[in-house]
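Hi,

Here is the structure I promised to pass on. Have a look at it first, and then read my notes below.

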There are 2 protein chains.
Amino acid sequence: MDAITSLSVEQLKELQKDLQEQYNSYKARNLSLDMSRGKPSGEQLDLSNKMFDVKVDYITQDGIDARNYGILDGVLEVKNLFSDLLQIPEEQMIIGGNSSLNMMYDTIGRCFLFGTGGCMPWSKLPKVKFLCPAPGYDRHFTVTQEFGIEMIPIPMTAEGPDMDLVEQLVLEDDTIKGIWCVPLYSNPQGICYSKETVKRLASMKTAAKDFRIMWDNAYGVHYVYKKHELEDILKAAKESGNENRVFYFFSTSKITFPGSGVALMASSPENISDIKKHMGAQTIGHDKLNQLRTLQFFKNAQGILEHMDILAKALRPKFDIVLNTLQRELEGTGLAFWTNPDGGYFVAVDTLEGCAKETVALAKEAGVILTSAGATYPYGNDPKDTNIRIAPSYPTCEELQVAMDLFCLCVKLAGVNKLLEMK
Amino acid sequence: MDAITSLSVEQLKELQKDLQEQYNSYKARNLSLDMSRGKPSGEQLDLSNKMFDVKVDYITQDGIDARNYGILDGVLEVKNLFSDLLQIPEEQMIIGGNSSLNMMYDTIGRCFLFGTGGCMPWSKLPKVKFLCPAPGYDRHFTVTQEFGIEMIPIPMTAEGPDMDLVEQLVLEDDTIKGIWCVPLYSNPQGICYSKETVKRLASMKTAAKDFRIMWDNAYGVHYVYKKHELEDILKAAKESGNENRVFYFFSTSKITFPGSGVALMASSPENISDIKKHMGAQTIGHDKLNQLRTLQFFKNAQGILEHMDILAKALRPKFDIVLNTLQRELEGTGLAFWTNPDGGYFVAVDTLEGCAKETVALAKEAGVILTSAGATYPYGNDPKDTNIRIAPSYPTCEELQVAMDLFCLCVKLAGVNKLLEMK
């Protein structure tokens, strides 16, 4: 396709008229589709329905009755399962409740209330800042904002956050206490952090002694097209003498049932011991029966990996629709840019500058809800107004095809409108 | 039995020798029994095992797929269940995860980080104090201590905390921000707060605008011998113009499976709205499948009440053993005082002054673990060293009888030793 960006005013006006007519006919169809969140579809959830048949064997391997109180940090054989899956030593792991987000929130909450690494509680400091690779996950930014942390957006590269900038900032500013990372199939771009990026994060010098990496490995086994290896950041941090730097998070929310899965965190032995001390005041323990239900459903790490093959196969046609439609409708137009993710839950599309909000608004007016433009940036503020997150997982393939056709039309219409405005 | 306290030195010495011989023969039996925690027994948990057969119907009454993300504050029909059970309006309720203790911790955490009722966050204040009716629940005191709150013990009466003292303190000291209450079958004494006590708590004038009552109705339906009615504190607080004063907590931990139950909290609409705002940053929602599993197991509030009849029947023989043995061995000796609880999980025994620690140590040396002496007081400090919490639920009846025989012997031996010391 010819680049639309190089058309004359006259050609653009003609195209605008044509696009507007197509858009009007979509509006007449009274669509009602939601592509706003990274939710699995009902059909995908059905693939885990055998979970409901698991009659939990509630006596643990070491003879503990899991129906009763106790075991603050999780059932040992469930730790074994995740240790095998993620190569994290059991003794550096805490199994939590149903939400890794909740574990992240609590982790930052503890840093505020009690401090970490023997340093001053963050609530006592006049200013706390976090680096926020962006586009990123809106709920991370919501947590940071909740605690009044100032967010500094960091541009993403194909290998992860812009490490030159990260290294410079953390070295010069001791109020920068952390960074959010989704290292595999990042939300929303599907970027996998390179070995080099992980090593630089683990080893860089930071002005703050209690600088922390919030390592949200949300899509650790969630490939769609191709499995990527992730460098072991806990090991890399230890080798660099920064053992306490990393808080690692994972959950089965998008493996079995979102909201009824099992979350976990991992960190250095010192951090884990400190966290358990506070957790011991917070709770007697998390839901061990659901931990065992998850283990008994999968049997072992291989069981999870095989299940992820099934989920990847179920998600692939949806990603195909998104990527094929983008290619067919927008490739070469100069109006949109995207990368093809190998896994995760999203495709991120960048429109022309100043067109993301209008694109989302146009889609909404025609009955397709997208993630709000700006949501992928701290404070909901995408400075160039270009980034849109597409979540293919929830709609059916038929719905998704219609939604993507409309989406591409909206990108073009918004783009053409913008080009005419600028002429 | 004659009061041992009125014996002569010679008689005491003779008794001491006799008791010591009995004690030595217990020691020779190498007992190993744990009466330290309010844990249900395996047999009691078996009474809920049909929970494992519930194949969760995961579509809610309003058509929401509970396997997926969403519903921050709990499934509506599950709120209905607890609303019927506890007479709390659904719109004033939040269903949480598996632990009401965790909800209490988080509630105090929010008061520290964000404040409550529009007041200054407690973390910004030089001093925060809580009233701690004592003897009370050690885990409450652990939470308070975790946040650096100064704890002021308040004596208990047969109607609840000493309200004259409570009213005086909260009126004169605006750093007193809260009080812990277990209003029905209190831990450990089994005291039920009178209507008058509840009304005074709800209506008293407090110097702190953000004074809060932590209303842990842990044993709300957990009678053993006799059901007691609890005055509606949310209503009483509202009627007194103190609607935001009460944080109410409840869970099914000791109804179904401890650690895999469903917890809830309730408060004024203003507080609930404020809490949901913060919870929305903390989590996408709690485990809805376990909420539905609980509902579908019980069907309705009547189902819970009938289940509590079964549990009461199972617990009664154990309480009988404790109370009968106390009566047979210690009544009239002048060495121990206790009240007969109508429900809950504990019997509290007061020894002679300065004898609780020795009694617990003697029992431990003979193989019976009791709750640490002092644990029922803030900072683990029972100023008179008299209070011992007996938890009858976990051991079998046979074990419990042996443990109680030994316990009473230890009370007598410690008491006689003390009497001789003082002569």
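The lining of the second largest cavity splits into five nonpolar, four polar and four charged residues (Ala, Val, Leu, Ile, Met, Phe, Trp, Tyr, Cys and Pro count as nonpolar, Asp, Glu, Lys and Arg as charged, and the others, Gly among them, as polar). This cavity holds about 140 Å³ of space. A cavity here is a set of points on a 1 Å grid over the protein atoms alone where a 1.4 Å probe fits but cannot get out, and lining residues have an atom within 4 Å of a point. Points are joined across faces, edges and corners, and a volume is the space filled by probe spheres set on them.

Keep in mind that this is a predicted model, where local features need pLDDT of at least 70 and side-chain atom pairs count only at pLDDT 80 or more, while totals for chains, interfaces and linings use all residues. Residues are numbered from 1 along each chain as its sequence is written, chains are lettered from A and ligands numbered from 1 in the order in which they are written, and side-chain values use heavy atoms, leaving out hydrogens and water.

What about the largest cavity? Its volume is about 530 Å³, and its lining has nine nonpolar, 21 polar and six charged residues.

Now the interface: 54 residues of chain B are in contact (heavy atoms within 4.5 Å) with 54 residues of chain A. Four salt bridges cross it, each a side-chain nitrogen of Lys or Arg within 4 Å of a carboxyl oxygen of Asp or Glu. Arg67(A) and Asp46(B) also meet in a salt bridge, at 2.7 Å, N to O.

Cheers

Conventions. 1 Å grid on protein atoms, 1.4 Å probe; cavity = no way out; pocket = protein on both sides within 12 Å on 5 of 7 lines; lining within 4 Å.
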